[in-house]
Amino acid sequence: MRVGIFTDAYVPQIGGVSTVSQLIKNELNRRGHEAYVITTTDNAAEEEENVIRYPSIPFVSEKRIGLNISPELKREIESLHLDLVHTQTEYTMGKVGKDLAEKQGIPFIHTFHTLYDIWMRGQLGENFLSESVITMMNWLLKQHLKGAKAIIAPSQKTVDFLQSYDLDIPIHILPSGIDVEAFKRAGEDLAKQEEIRQALGIPQDAFVALYVGRISEEKKIDTVLSYLSPMVREQADLYFVAVGSGPRLEEYREQVQSWGLDRQIKFIGPVPVAQVKNYYAIGDVFACASQSETQGLTYIEAMATGLPLLVKPDPCLEGVLLEGQNGLAFNNRAEFMTGLGQLKDQQDLRQRMSLAALEKSQDFSIERFIDKLIDIYESILA
């Protein structure tokens, strides 16, 4: 098969969409298919085989949107003679993919990744502007989905949202996969963990609560900070590390500094994509209060590295978080503090949950994901 993956988000951006797009391309090519990513330019991007980049401009929350202004690139993707188009984002590059599919008479499918109502309110606040933009984006999303042969939803939570559109299109629930073994190896690389902790000024015997992802309003990092900060003041061996970039990165850094807690609470910014797994591995628990996820890919990456979860319950975590087995849930400050205290003080509990997290992460291996994705591709082409 010759498959085109169209996405506005791609490495070196850190995020679920960019990660899974690269994994699909690499794994399909490894299996003898021909897969191409058609995406946006990025000043930090390295040359990569089978990746075509359209000119782009910055967008909200350090994202980028492509500009379909190059006749040469249009001819280049038309010359690929794709069998199927798979769009990962609904706008700019997604439209390029859909237009190509319609022009060449080939099928296109779409993976729905982002709940824009939650995401946009997180970027712009709850006001007339954000509501207007949400209305427009939802309308554009519905227009994009028209004509799709199938929609892939990473969780039942996203299916429930899509059903409000009343679309007569098959929806397949298929959680995105990750390179489980790569994260597991990072979790076992004690020398690298020691090196990173030393570089960050974190003692080797300190307990680290970790977050990886976008540093933005909808991720509810401020909730974790408000719960965690009193504990950090009282416990010199308790640290919180946030990895990633986003519109609130500098604000959180300044806030933590004003509290006098910047020694133990560290917002280190983005790291190279290839090293993200090593930064997961310096943690002892993955802590997150986000309610905006469609699947929670970072939760799965954390588990594959051996981290138990300490997270706020969310429908997307059904089948991911096994309460009391691979992690703990919290609904308020008291539950967060109790859960963190148990994981910090009870090494046997933490080790048991770490093993359960590793075991559960196997359900989301890239191999299983690609097997099911190829089945969907082949059923459509048939």
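Predicted model: local features only at pLDDT ≥ 70, side-chain atom pairs only at ≥ 80, totals over all residues.

Reader: OK. Is Cys 288 buried or exposed? And Cys 316?

Author: Cys 288 is buried at 2% relative accessibility, and Cys 316 is buried at 4%. Buried means under 20% relative accessible area, exposed over 50%, and partly exposed in between, with a 1.4 Å probe and protein chains only.

Reader: Let's do helices. How many residues of α12 are buried?

Author: 7 of the 8 residues in α12 (297-304) are buried. Among them are Leu 297, Tyr 299, Ile 300 and Met 303. Helices are DSSP runs of H or I with at least four residues, strands are runs of E with at least two, and both are numbered from the N terminus.

Reader: What covers those buried residues of α12?

Author: The cover includes α1 (16-30), α7 (180-188), α11 (276-280), β13 (285-288), β14 (309-311) and α14 (347-361). Contact means heavy atoms within 4.5 Å.

Reader: And which residue with a positive phi follows α12?

Author: Gly 306, with phi near 100°.

Reader: Which residues other than glycine have a positive phi?

Author: Asp 166 is one of them, with phi near 55°, and Lys 220 has a positive phi of about 55°. Most residues other than glycine have a negative phi, and most peptide bonds are trans. Asp 166 sits in the loop between α6 (156-163) and β9 (171-173) and is exposed at 69% relative accessibility. Lys 220 is in the loop between β10 (207-212) and α9 (221-234), and it is partly exposed at 34%.

Reader: Where is the cis peptide bond?

Author: Between Val 11 and Pro 12, with omega about 15°. Pro 12 is in the loop between β1 and α1.

Reader: Since you brought up β1, how does it run relative to β2?

Author: Parallel: 5 bridges join β1 (residues 2-6) to β2, and DSSP has to find at least two bridges before two strands count as paired. Gly 4 stands opposite Tyr 36 in β2. As for β2 (34-40), 6 of its 7 residues are buried, so this strand is largely enclosed by the rest of the structure.

Reader: Switching to charges. How many salt bridges are there in the whole structure?

Author: 18. A salt bridge is a side-chain nitrogen of Lys or Arg within 4 Å of a carboxyl oxygen of Asp or Glu.

Reader: What about Glu 217, which side chain does it meet?

Author: Arg 248, at 2.1 Å from N to O. Glu 217 is in the loop between β10 and α9 and Arg 248 in the loop between β11 (238-243) and α10 (249-259), so the pair ties together parts 31 residues apart in sequence. Glu 217 is partly exposed at 25%, whereas Arg 248 is buried at 15%. Arg 248 also forms a salt bridge with Glu 251, with 2.5 Å between the closest N and O atoms.

Reader: Which residues are joined into one network?

Author: Glu 27, Arg 30, Arg 31 and Asp 371, through salt bridges that share partners.

Definitions and conventions:
Residues numbered from 1 in each chain as written. Heavy atoms only, no water.
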